[in-house]
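The sequence and the model are shown first.

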Amino acid sequence: MHRDLRGWRVLLTGASQGIGEALALELAKSGARLALTARSEDKLDAVVQAVRIAGGEAHPFPADLTHEEERKSMLACASQTLGGLDGIINNAGLGSWNHFADGTEEGFREMMEINFFAPAELMRDAIPLLMKGYKPAIMNVSSRCGRCALPSWTEYSASKAALVGLTESLRTEYARFGIDVLMALPGKTATDFLSNCRLASGKAQLKFEEGMAPATVAKAIISALVRNKRESWIGRDSYWMLMIQRFMPGLIRRKLASKVRELYAPAA
Ligand SMILES: NC(=O)c1ccc[n+]([C@@H]2O[C@H](COP(=O)([O-])OP(=O)(O)OC[C@H]3O[C@@H](n4cnc5c(N)ncnc54)[C@H](OP(=O)(O)O)[C@@H]3O)[C@@H](O)[C@H]2O)c1
């Protein structure tokens with residue numbers, strides 16, 4: 001199946017920065033018509049301007065997706081402006097890098113709201129719109145952590161694994177509506193993701209600046225949409241980790257546990 005993105009009407013969440021910003025610019029190059037959403041109005045407007053300067057079509061719909069009323073009204077306004085909807089890219093997300101023992105229920109629930117419940121409810125509310133769309137599809141941006149949970153990314157990994165499970169279930173459920181449900185599992189990407197994390201008290205040395213360029217991830221996601229690829233592992237780190245996890249899960253478990261013991265060993 002080939003999906004031509006020229007004129008494809010797509011709602012993109014988390015479009016104000018990082019991977020979402022790169023996705024907006026790359027989607028516009030493919031000729032897609034864009035409804036962009038995130039909370040930060042100024043950043044969203046800047047992305048809309050950049051798309052328009054490059055000759056594309058984009059409209060801003062600022063909203064906090066964890067608030068039901070804002071989410072529903074954003075969806076209604078976006079589809080009205082575009083004259084319908086063919087696709088949704090659930091990209092908005094929040095990280096948390098902390099030892100589970102130091103976390104709180106409130107923080108964990110906050111993360112589940114944006115990483116899991118917001119895309120879930122958006123996918124439910126959008127059924128009648130997408131059913132009428134052209135080659136309709138939903139792309140959920142999970143993470144390699146959604147398939148191979150990482151220590152100190154515990155709450156984040158759980159939220160992304162929940163999104164993986166929901167995606168796999170809806171893929172078959174939404175077959176009756178003719179809506180394709182796809183997912184992308186990127187590895188480390190050079191965005192402000194770490195500084196935007198709810199907590200950043202983990203101990204390992206993380207070098208997000210050495211990760212993939214956001215445009216690389218955006219291009220891989222768009223290619224998956226065009227080819228209707230069910231699951232995309234994006235980046236070398238994601239590919240190798242998920243391959244080892246699939247064929248030698250015990251090895252990953254032992255390596256990660258030994259690293260955690262080393263990092264949290266009491267000072268001699
Ligand atoms: N960077 C990585 O290494 C990496 C790796 C694998 C997967 N991912 C996933 O890729 C996606 C994009 O990550 P990124 O690196 O681009 O992160 P980012 O730079 O921190 O961007 C996150 C986006 O989500 C939006 N967002 C957060 N909370 C929101 C809320 N309550 N309502 C509406 N929008 C909200 C933010 O916009 P506002 O703040 O303006 O609302 C922003 O546009 C995330 O789902 C992330 O989990 C990232």
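A residue is called buried here if 20 or more other C-beta atoms lie within 10 Å of its own, exposed if 12 or fewer do, and partly exposed in between. The model under discussion is predicted.

## Helix H6

By the burial criterion, the buried residues of helix H6 are Thr154, Glu155, Tyr156, Ser157, Ser159, Lys160, Leu163, Leu166 and Thr167. These buried residues pack against helix H4 (105-125), strand S5 (137-141) and strand S6 (180-186). Helix H6 itself covers residues 154-173. At 1.5 Å a residue, its 20 residues should span 28 Å, and its end C-alpha atoms are 28 Å apart, which agrees.

Gly165 also belongs to H6. This glycine is classed as partly exposed because 13 other C-beta atoms lie within 10 Å. Gly165 and Gly146 are 19 residues apart along the chain, and their C-alpha atoms are separated by 9.0 Å.

## Asn115 in helix H4

Helix H4, one of the elements against which the buried residues of H6 pack, contains Asn115. With 28 C-beta neighbours inside 10 Å, Asn115 counts as buried. When neighbours within four places in sequence are left aside, Asn115 is in contact with Gly93, Leu94, Ser159, Lys160 and Leu163. Ser159, Lys160 and Leu163 are among the buried residues of H6.

Strand S5 is mostly covered, with 5 of its 5 residues buried. Ala137, Met139 and Val141 point one way from S5, whereas Ile138 and Asn140 point the other way. For S6, 7 of the 7 residues are buried, so this strand is largely enclosed by the rest of the structure. Asp180, Leu182, Ala184 and Pro186 point one way from S6, and Val181, Met183 and Leu185 point the other way.

S5 and S6 run parallel and are joined by 5 bridges. In this pairing Ala137 stands opposite Asp180, and Val141 stands opposite Ala184. S5 also pairs in the parallel sense with strand S4 (residues 87-90), over 4 bridges. Here Ile89 stands opposite Met139 of S5.

## Nonpolar cores

The largest nonpolar core has 56 residues. Those with the most contacts inside this core are Leu12, Ala24, Leu27, Leu34 and Leu36. Leu34 touches Val10, Leu12, Ala24, Leu27, Ala28, Val51, Gly56, Glu57 and Ala58, not counting residues up to four places away in sequence.

## Ligand surroundings

The ligand is surrounded by 30 residues, of which the closest are Gly14, Gly18, Arg39, Ser40 and Gly93. By class, this shell has 10 nonpolar, 15 polar and 5 charged residues. Helix H1 (residues 18-29) supplies the largest share of the shell, 3 residues.

## Backbone exceptions

Most residues other than glycine have a negative phi. Lys135 lies in the loop between helix H5 (127-131) and S5. With 17 C-beta neighbours inside 10 Å, Lys135 counts as partly exposed.

Asn228 likewise has a positive phi, of about 55 degrees, although it is not a glycine. Asn228 is located in the loop between helix H7 (214-227) and strand S7 (231-234). Asn228 is partly exposed, since 13 other C-beta atoms lie within 10 Å.

Terms used: Residues numbered from 1 in each chain as written. Predicted model: local features only at pLDDT ≥ 70, side-chain atom pairs only at ≥ 80, totals over all residues. Core = buried A, V, L, I, M, F, W, Y, C linked by C-beta atoms within 7 Å. Contact = placed C-beta atoms within 7 Å. Near = placed C-beta within 6 Å. Helix = DSSP H or I, 4+ residues; strand = E, 2+ residues; numbered from the N terminus. Nonpolar A, V, L, I, M, F, W, Y, C, P; charged D, E, K, R; others polar. Expected span 1.5 Å × (residues − 1). Pairing = 2+ DSSP bridges.
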